[in-house]
Amino acid sequence: ANCGLPPWTNNMHLCDLEGMPDLDTENLEVQNMLADYLFDLYEIGVTMVRVDAAMLIYPESLAHVLQHVPWDYILLEYYPDQLQNDNIKTKALVVGSVTDM
């Protein structure tokens with residue numbers, strides 16, 4: 001893994017966790033594919049979404065993916081230490097509600 005975890009010695013938004021395949025969430029085409037998939041779910045009745053390990057995606061990128069659907073509720077999962085950073089917490093709260101893992 002190139003994340004250097006913990007304590008995230010590398011950029012946790014751009015690394016591959018434990019060498020697992022990863023979506024390039026900074027790629028606009030990938031963001032649009034995710035948004036299309038989520039819209040399909042919304043069309044069949046899904047009105048709430050939980051994003052596990054949301055802290056591994058830039059909040060601005062996640063907002064771009066989620067903004068296309070009028071969700072009733074969005075829950076973002078963060079490591080507790082990430083929520084101690086006021087800047088990160090503020091950006092996350094713009095996207096949705098947050099909880100710790």
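This is a predicted model: local features need pLDDT of at least 70, side-chain atom pairs count only at pLDDT 80 or more; totals for chains, interfaces and linings use all residues.

Reader: Okay, and what does the side chain of D52 meet in a salt bridge?

Author: That would be R50: the two side chains form a salt bridge with 2.6 Å from N to O. In general, side chains of opposite charge can pair when their charged atoms come close.

Reader: Which other residue forms a salt bridge with R50?

Author: E77 does, and there the closest N and O atoms are 2.4 Å apart. R50 belongs to strand β1 (residues 48-51) and E77 to strand β2 (residues 73-78), so this pair ties together parts that lie 27 residues apart in sequence.

Reader: Is E77 buried or exposed?

Author: E77 is buried, with a relative accessible area of 9%. The cut-off for buried is under 20%, so E77 qualifies at 9%. D52, on the other hand, is partly exposed at 49%.

Reader: How many salt bridges does the structure hold?

Author: Three. Besides those of R50 with D52 and with E77, there is one between E60 and K91, whose closest N and O atoms are 3.4 Å apart. That pair links distant parts of the chain, with E60 in helix α2 (residues 59-66) and K91 in helix α3 (residues 86-95), 31 residues apart.

Reader: And how accessible are E60 and K91?

Author: E60 is partly exposed, with a relative accessible area of 45%. K91 also counts as partly exposed, at 35%.

Reader: Which residues get joined into one network?

Author: R50, D52 and E77, through salt bridges that share partners.

Reader: Switching topic. What's the overall layout of helices and strands?

Author: The chain has three of each, and along the sequence they follow the pattern α-β-α-β-α-β.

Reader: In what order do the strands sit in the sheet?

Author: β1-β2-β3, in an open sheet with parallel pairing. The edges are taken by β1 and β3 (97-100), each with a single partner strand, so one side of each has no neighbour in the sheet. From one strand to the next, the twist averages 20°.

Reader: How many bridges join β2 to β3?

Author: Four. As an example you can look up, L76 has V98 in β3 as its bridge partner.

Reader: Where does α3 lie?

Author: Across β2 and β3, and α3 runs at about 155° to β2.

Reader: I was also eyeing T90. Where is that found, and is it buried or exposed?

Author: T90 is in helix α3. With a relative accessible area of 51%, T90 is exposed; the cut-off for exposed is over 50%.

Methods. Residues are numbered from 1 along each chain as its sequence is written. Side-chain values use heavy atoms; hydrogens and water are left out. Helices (H or I, at least four residues) and strands (E, at least two) are DSSP runs, numbered from the N terminus. A salt bridge is a side-chain nitrogen of Lys or Arg within 4 Å of a carboxyl oxygen of Asp or Glu. Buried means under 20% relative accessible area, exposed over 50%, partly exposed in between (1.4 Å probe, protein chains only). Two strands pair if DSSP finds at least two bridges between them. Axes are lines fitted to C-alpha atoms, for helices over the stretch in contact, and angles run from 0 to 180 degrees between N-to-C directions. Contact means heavy atoms within 4.5 Å.
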